[in-house]
Amino acid sequence: MRRAPVRLLTFDLDDTLWPMMPVLVKAEAALLSWFRQLFPLQFESTFGVKELREARIAVLKEKPSLASDFTSMRKEVIRYILCTRCEVSEEACGGLTEQGFQRFIHERNNVEFFPGALEALRELHARGVRLASVTNGNADLHAIGVAGLFCAHVSAMEVGRARPDPAVFLEVFRRTGVSAADVVHIGDDPVTDVETARQLGMHTVWANLLQQRWPDKLLPAQHSFTTWDQLQALLHTNYEFGNPDPGPSVALGAS
């Protein structure tokens with residue numbers, strides 16, 4: 001079978017490189033602990049994750065534009081709780097909001113990669129395959145320690161629109177100089193990853209690491225994998241990676 005020539009791999013982050021739920025649980029627990037340390041009377045044991053998420057809903061109802069900017073949204077939630085529950089003055093709110101957010105984001109970036117994910121990324125990078133990352137979230141690849149593996153990183157926060165809007169992918173094409181037909185996108189979400197990429201003309205690989213059922217209403221991804229150790233063989237079988245400039249291709253798996 002003839003392998004399709006491609007020049008770039010794009011990766012979603014949350015639930016593709018690492019499971020998101022354990023990260024979110026730790027980050028929200030850290031934020032709640034911070035609130036209770038500073039305001040023990042206002043944050044008795046009955047205030048928990050449910051109330052934290054209710055505050056987020058209230059903030060997004062008032063400011064729906066924050067839905068594509070998770071950092072600003074999280075800060076606004078902290079500010080909202082400080083003002084409504086703790087009656088903190090507007091003057092003091094700014095510094096405290098930043099303190100709370102730093103407690104949250106430290107744990108948000110304390111991720112545990114799916115088995116084999118980090119090794120696969122390092123091997124692809126070492127072989128000269130260009131990698132880019134895209135996200136609707138606010139993971140910091142520098143804080144996580146893998147920014148150097150990617151030639152570009154684009155978030156919804158930067159472009160002001162979250163996928164399934166194509167703006168994030170269009171910005172990747174602009175930064176890398178690669179067209180959609182020369183890109184393989186790998187992600188976990190059938191709509192925001194696979195369907196959005198397919199409509200743009202990209203090659204699609206579904207990262208089904210959470211063992212989900214594919215939606216009946218959507219066309220399937222071209223390829224899929226359920227463990228990261230399957231990805232290298234999948235890429236080698238189906239794609240031939242060219243260098244950014246015309247030249248010899250990179251044959252995955254070749255020694």
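This is a predicted model: local features need pLDDT of at least 70, side-chain atom pairs count only at pLDDT 80 or more; totals for chains, interfaces and linings use all residues.
Let's call a residue buried when its relative accessible area is under 20%, exposed when that area is over 50%, and partly exposed in between, using a 1.4 Å probe and protein chains only. Residues are numbered from 1 along each chain as its sequence is written, and side-chain values use heavy atoms, with hydrogens and water left out.

Let's look at the rings. Rings of Phe, Tyr and Trp (for Trp, the six-membered ring) pair if their centres lie within 6.5 Å; planes under 30 degrees apart count as stacked, over 60 as edge-to-face, and the rest as tilted. Searching the whole structure turns up nine aromatic pairs. One of them is Phe 11 with Trp 228, a stacked pair at 5.9 Å centre to centre with 25° between the planes. This pair links distant parts of the chain, 217 residues apart: Phe 11 is in strand S2 (residues 8–12), while Trp 228 is in the loop between strand S7 (223–225) and helix H10 (231–238). Helices and strands here are DSSP runs (H or I, at least four residues, for helices; E, at least two, for strands), numbered from the N terminus. Both Phe 11 and Trp 228 are buried.

Back to Trp 18, which forms an edge-to-face pair with Phe 113, at 5.4 Å centre to centre and 85° between the planes. Trp 18 lies in the loop between S2 and H1, and Phe 113 in the loop between H4 and helix H5 (117–126), so this pair ties together parts that are 95 residues apart in sequence. Elsewhere, Trp 34, Phe 35, Phe 39, Phe 43 and Phe 47 form one aromatic cluster.

Some rings also have a charge over them, meaning that NZ of Lys or CZ of Arg is within 6 Å of the ring centre and within 35 degrees of the ring normal. Phe 43, from that cluster, has Arg 85 over its face, at 5.5 Å from the ring centre. Likewise, the charged end of Lys 75 sits over the ring of Phe 101, 5.1 Å from its centre.

Now for charge meeting charge. Side chains of opposite charge can pair when their charged atoms come close. We count a salt bridge when a side-chain nitrogen of Lys or Arg is within 4 Å of a carboxyl oxygen of Asp or Glu, and that rule gives 16 salt bridges. Take Asp 12 and Arg 163, whose side chains meet at 2.9 Å, N to O. That pair spans 151 residues, from Asp 12 in strand S2 to Arg 163 in the loop between H7 and helix H8 (167–176). Both partners, Asp 12 and Arg 163, are buried.

Arg 175 and Glu 158 form another salt bridge, at 2.8 Å, N to O. Here helix H8 supplies Arg 175 and helix H7 supplies Glu 158, 17 residues apart. Arg 175 counts as partly exposed because its relative accessibility is 37%, and Glu 158 counts as partly exposed at 44%. These two belong to a network of salt bridges that links Glu 158, Glu 171, Arg 174 and Arg 175.

Glu 195 counts as buried, at 12% relative accessibility, while Arg 198 is partly exposed, with a relative accessible area of 33%.

Finally, the pockets. On a 1 Å grid over the protein atoms alone, a pocket is an open set of points where a 1.4 Å probe fits, with protein on both sides within 12 Å along at least five of seven lines; lining residues have an atom within 4 Å of a point. The largest pocket holds about 440 Å³ of space, a volume being the space filled by probe spheres set on the points, which are joined across faces, edges and corners. Of its 22 lining residues, Asp 14, Met 20, Phe 70, Asn 136 and Gly 137 are the closest to the centre. H3 gives the most to this lining, with three residues.
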